Amino acid sequence: MTFNAHSVRALTALGFLSSLLLIGPASGDGIKPLSTAVIKATTGLCNRGETCHKDRAGSWAPKTAIAILGVSVAEQADIDLYADVEVSTRPEMYQCAGDDSKGCIFRAKYAGPGLFDYGASTGSTYIGSNITNTSISFPAGYGILVQAGEPIYVHLDVRNGSLIDLKVDQDAWLYYVPVD
């Protein structure tokens with residue numbers, strides 16, 4: 001069977017309409033509640049030109065067993081900042097490897113473009129922002145299981161390449177459902 005652009009568009013439209021019929025009206029019928037936890041993490045003050053590594057920069061422990069269905073980390077770099085963010089149940093960063101990756105949930109790296117000095121010894125030129133989100137969601141029926149009371153950590157490894165000292169704060173949003 002051969003498909004052309006018109007038949008692909010028709011099949012796509014049919015699939016979209018079918019999904020609307022399966023979902024039902026937009027009244028909330030059939031929608032299951034999704035819970036959100038926000039882990040606030042910080043390196044504390046990170047002086048200009050320094051690398052600030054902080055294991056357990058933030059943590060949260062669920063009161064009941066959960067399945068994490070998605071994670072979002074906001075990239076908050078308006079300045080020359082490189083951040084490596086890890087979310088896991090491991091007590092220290094960089095412990096996830098190969099078959100020994102139980103409890104490893106999410107990892108992202110980002111770099112902000114921001115303040116460049118163009119060779120100046122004082123001052124800087126602001127050239128823009130890099131505020132976006134890095135997110136992951138898992139296929140339907142899959143999630144990362146975390147037992148009640150088991151801490152989930154945000155680990156941070158930050159290189160401050162800017163001309164200013166700053167406090168680096170990083171939020172990690174977890175989207176989860178309770179499991180039995």
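This is a predicted model: local features need pLDDT of at least 70, side-chain atom pairs count only at pLDDT 80 or more; totals for chains, interfaces and linings use all residues.
Local features need pLDDT of at least 70, side-chain atom pairs count only at pLDDT 80 or more, and totals for chains, interfaces and linings use all residues. Residues are numbered from 1 along each chain as its sequence is written, and side-chain values use heavy atoms, with hydrogens and water left out.

View A. Strands are DSSP runs (E, at least two residues), numbered from the N terminus. Two strands pair if DSSP finds at least two bridges between them.

**View B. The pairing of β4 with β10.** Strand β4 (residues 81-88) runs antiparallel to β10 (residues 152-160), and eight bridges join them. Ala83 has Val158 of β10 as its bridge partner.

**View C. The Cys46 and Cys52 disulfide.** The sulfur atoms lie 2.1 Å apart; a disulfide is a pair of cysteine sulfur atoms within 2.5 Å. The S-S torsion is about 100°, so this disulfide is right-handed. Cys46 is buried at 0% relative accessible area. Cys52 is buried at 10%. Buried means under 20%, exposed over 50%, partly exposed in between (1.4 Å probe, protein chains only).

**View D. The Cys96 to Cys104 disulfide.** The S to S distance is 1.9 Å. The torsion is about -100°, so this disulfide is left-handed. Cys96 is partly exposed at 29% relative accessibility.

Note on methods
Helices (H or I, at least four residues) and strands (E, at least two) are DSSP runs, numbered from the N terminus.
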